Amino acid sequence: MVEYGVATAHISEDTATAPNVGPQASLNVPYDEMLTSRGLVRPHYAALDARIATLAAADMAERQRVLERYFLLQGITFTVYGGESSTERIIPTDLLPRIIPAEEWSKIETGLTQRLKALNMFLADIYGEQKILMDGVVPRELVLSAPSYRREMQNLYVPHQAYANVCGSDLIRQTDGAFAVLEDNLRVPSGVSYMLANREASRRTFPGTFRAANVRAIDRYPDLLLATLKSMAADWRPNPQVAVLTPGVYNSAYYEHAYLARLMGCPLVEGRDLVVHDNMVYMRTTTGLRRIDVIYRRVDDDFIDPLTFRRDSGLGVAGLFNAYRAGNVVICNAPGTGVADDKAVYAYVPEIIRYYLGEDAILPNIETYLCREPAQLSHVLANLDKLVVKAVGASGGYGMLIGPHASKQERAEFGEAIKADPDNYIAQPTIQLSTAPCLVDGAIEPRHVDLRPFILSGEKIVVTPGALTRVALRKGSLVVNSSQGGGSKDTWVLADGKETQS
Amino acid sequence: MMLARVADSLYWIGRYVERAEHMCRLSDVMLNATLDRTEGAAQVARIALAAVGDSDRAHLANPYEATLAMALDREDQGSIVSSLALARENARQVRDQITTETWERLNLIYLKMTGPDAAKSFADGSSAFLHDVIADLHLFRGAADATMSHGEGWRFLLLGMYLERAQLIGRLLEVCFGDRRRGAFDEHFALVSVLRMSCALEPYLRRYTADIQPRKVLEFLLLDEDFPRSIRFATARIEEHTTAASRYVEAGHAGPERLAGRLKARLQYADMDELQVAGASALISTVLDECVAIHQSIYETFVHYSLEMRLPA
């Protein structure tokens with residue numbers, strides 16, 4: 001059925017951004033998750049749409065309040081440090097789930113599996129024989145000079161060649177409705193606790209619709225993660241001790257670290273709880289030292305071991321990397337995985353997939369210009385007003401120029417920065433993220449969203465049938481990072497009609 | 001097996017929660033008592049302020065201000081809100097070790113105490129406010145008791161609570177019965193109030209009937225076997241939990257369980273008639289000193305032990 005109130009809101013928004021463009025020819029109109037270009041509700045959204053239609057604005061507001069209270073009570077907060085005081089806020093969370101039908105998901109799932117398989121092979125290769133560099137598929141200096149390349153990892157045995165045990169790729173849906181990969185996060189991707197918490201919350205807010213929709217369960221993520229981590233331990237350790245390493249309570253993702261540790265039943269350790277002795281890693285317990293076999297670290301490479309990496313870091317533990325080299329402990333994700341999600345290496349991922357697997361990439365990349373190539377550089381400089389330029393080393397929405405939204409002066413300044421250090425920049429066309437209905441100030445309006453599914457790789461690769469949908473809550477904004485005013489919402493991956501929920 | 005840092009945090013959650021509850025009760029009793037302008041009321045205010053270590057003379061004259069500061073002053077590390085904030089901060093650091101039910105209770109109290117409405121609801125009815133905090137803290141204890149595994153972590157939580165309790169009640173008794181006490185402590189009203197500060201009035205009445213005398217009050221708060229806020233009761237629990245926690249530590253650590261056992265025995269076999277002759281003050285200060293020693297010993301045994309001793313050969 002069509003709910004006119006909602007539909008009108010969408011259409012007026014679309015025409016506002018792209019006036020005088022009919023729905024058929026509208027290449028620049030973002031894909032809407034709920035409505036077709038003619039304003040009809042897509043079938044997989046019908047039940048939710050019908051449910052919303054029966055709710056008054058006050059009901060919705062009440063549900064939103066219940067949701068926010070749930071997050072506050074659970075302590076799912078991050079701390080905002082101000083001048084005098086610090087306050088705790090919840091991550092803005094949207095009430096309305098984003099729904100992905102089964103057939104679309106199955107393509108995403110095979111695509112992500114393929115991609116992570118190839119990236120792990122790539123990592124094993126460049127930290128081993130470097131065949132792909134010899135064959136000239138990826139430029140040698142691009143890999144070896146990347147700041148995230150870790151010479152220390154060279155020729156180090158990694159079980160199952162699983163370098164990136166936890167991967168959170170960012171997908172976006174382009175205007176034609178096809179998903180593409182915007183970014184691979186292979187270092188310490190976060191957000192999985194929000195995926196799980198959002199699910200808990202939306203089960204409470206739309207219980208009936210949830211039941212009827214046959215949504216695939218994601219609550220097994222913690223035990224799948226634990227199984228993945230255990231599969232990384234040496235065979236001769238029959239009951240491996242897994243620990244989660246956190247930078248501590250002041251880290252913005254601390255809630256997630258504690259959450260995963262709690263649900264896996266593993267100790268949550270900080271650097272100061274650990275001791276390395278004789279190349280073995282121990283944690284200080286009340287009854288003495290106890291050996292650790294696998295560390296799921298949520299601390300960046302740079303900070304895990306002051307003896308090997310940054311000397312001024314107090315977040316890790318001295319000697320950890322040597323213990324790793326000696327094979328007495330496994331660090332997950334492996335140090336040095338960042339080189340495979342480097343923004344410049346990203347451009348070569350389709351080639352990488354073809355090289356190792358002999359297949360075409362199932363999920364395409366976004367077109368990317370490498371400023372290190374002179375021809376592409378001049379194209380970028382000439383089209384700064386149309387492109388998004390990103391610094392290769394930066395993440396989280398920092399060090400970025402969004403051409404169409406920047407002033408002339410900003411573009412000029414950024415152009416100079418690019419010319420000064422072209423290797424450090426890539427550019428992509430301005431991408432229209434798809435929009436999904438969100439509850440904003442009591443009304444339902446479309447907002448731009450992306451999709452971050454989580455993939456585990458150990459003995460085998462598992463894609464969790466769910467994801468974190470990040471939302472740019474500011475109207476018209478395309479930036480979904482939580483550090484830049486983004487929020488999140490639950491993501492329902494629907495089960496195939498035939499299969500029952502597992 | 002649990003991380004030393006975690007045990008440390010759980011122990012402090014116990015201490016801070018106990019401290020907050022005690023302060024609530026003290027403030028509430030003082031506030032109620034000082035509605036009268038009698039000699040007894042003055043004694044109560046003096047005792048309560050001395051027991052929390054508040055030496056501000058102005059507060060004697062203005063118990064409401066004193067209570068307000070005691071409850072909601074975030075600058076003051078010893079206030080109720082600060083204690084609860086610290087308890088909650090510790091809980092956050094060991095969020096993976098306590099159950100969600102337990103965490104929710106504590107987080108809720110914290111949100112209430114630090115929320116924008118806290119000052120107003122205190123002003124609207126301070127007694128009801130304090131009463132609610134105490135009730136919420138009871139819910140926290142109940143949730144912890146009913147949902148957490150009664151294993152090692154639980155024991156550290158209770159160790160913190162009972163050690164803090166022994167010290168708080170000890171300090172209260174020191175103020176009332178110690179050698180260095182100031183002013184008289186004989187008014188019936190003051191005696192009743194001290195019982196109220198320890199949540200002991202009703203259990204006392206059942207034990208001794210309404211015959212309220214300083215000697216019996218002392219005996220009850222110091223030596224009663226079954227009353228949960230008597231020092232004897234607290235030391236028995238301390239002994240129980242230290243012994244259980246020490247079970248897994250290698251032998252050769254003449255640790256906290258020995259100190260706790262000795263203190264427990266002292267109180268278990270104390271004789272009220274002898275105490276009357278020798279003066280209770282000495283025993284009370286022994287209790288306080290021993291509590292400090294037990295605290296240090298817990299740290300040396302479980303938390304800040306030397307690595308040399310524990311490294312595998």
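Student: Which residues of α1(B) meet which residues of α2(B), and what makes two residues count as being in contact?

Tutor: In this predicted model, B:L26, B:V29, B:M30 and B:A33 of α1(B) meet B:A41, B:V44, B:A45, B:A48 and B:A51 of α2(B). Two residues are in contact if their C-beta atoms, placed from the backbone, lie within 7 Å. By class, the residues of this contact are nine nonpolar, no polar and no charged. Nonpolar covers Ala, Val, Leu, Ile, Met, Phe, Trp, Tyr, Cys and Pro; charged covers Asp, Glu, Lys and Arg; the others, Gly among them, are polar.

Student: How are residues and chains labelled, and what limits apply to a predicted model?

Tutor: Residues are numbered from 1 along each chain as its sequence is written, and chains are lettered from A and ligands numbered from 1 in the order in which they are written. In this predicted model, local features need pLDDT of at least 70 and side-chain atom pairs count only at pLDDT 80 or more, while totals for chains, interfaces and linings use all residues.

Student: What confidence values are given for chain B and for the model?

Tutor: The mean pLDDT of chain B is 90, and 97% of its residues reach 70 or more; pLDDT is the predictor's confidence in each residue, from 0 to 100. For the model, ipTM is 0.82 and pTM is 0.86. Where pLDDT is low, the predicted coordinates should not be read in detail.

Student: How do you know whether α1(B) is parallel or antiparallel to α2(B)?

Tutor: The axes of α1 (residues 4-33) and α2 (residues 39-51) of chain B come within 9 Å and cross at roughly 160°. Therefore α1(B) is roughly antiparallel to α2(B). The cut-offs are under 35 degrees for roughly parallel, over 145 for roughly antiparallel and 65 to 115 for roughly perpendicular, with the rest oblique. Axes here are lines fitted to C-alpha atoms, for helices over the stretch in contact, and angles run from 0 to 180 degrees between N-to-C directions. Helices (H or I, at least four residues) and strands (E, at least two) are DSSP runs, numbered from the N terminus.

Student: Why is the crossing of α1(B) and α2(B) called left-handed?

Tutor: A crossing is left-handed if the near helix is turned anticlockwise from the far one by less than a right angle, and right-handed if clockwise. The crossing of α1(B) and α2(B) is left-handed.

Student: What is the orientation of α1(B) to α8(B), parallel or antiparallel?

Tutor: The axes of α1(B) and α8 (residues 126-147) of chain B come within 9 Å and cross at roughly 155°. That value makes α1(B) roughly antiparallel to α8(B). α1(B) passes α8(B) in a left-handed crossing. The contact has nine nonpolar, five polar and three charged residues.

Student: How do α6(B) and α8(B) cross, and which residues make the contact?

Tutor: The axes of α6 (residues 100-114) of chain B and α8(B) come within 8 Å and cross at roughly 165°. α6(B) is therefore roughly antiparallel to α8(B), and this crossing is left-handed. Among the residues in contact are B:R105 and B:L106 of α6(B) and B:L137 and B:F140 of α8(B).

Student: How many residues of chain A and of chain B are in contact across the two chains?

Tutor: 21 residues of chain A are in contact with 25 residues of chain B. Elements giving two or more residues to the chain A side include α3 (57-74) and α10 (254-264) of chain A. That side has 11 nonpolar, six polar and four charged residues.

Student: What makes B:G78 buried, exposed or partly exposed?

Tutor: B:G78 lies in the loop between α4 (63-72) and α5 (80-93) of chain B. A residue is buried if 20 or more other C-beta atoms, placed from the backbone, lie within 10 Å of its own, exposed if 12 or fewer, and partly exposed in between. B:G78 has 14 other C-beta atoms within 10 Å and is therefore partly exposed.

Student: What is the phi of A:H160, and where is A:H160 found?

Tutor: A:H160 has a positive phi of about 55° although it is not a glycine. Most residues other than glycine have a negative phi. A:H160 is in the loop between α6 (140-144) and β4 (166-168) of chain A. A:H160 counts as partly exposed because it has 16 C-beta neighbours inside 10 Å.
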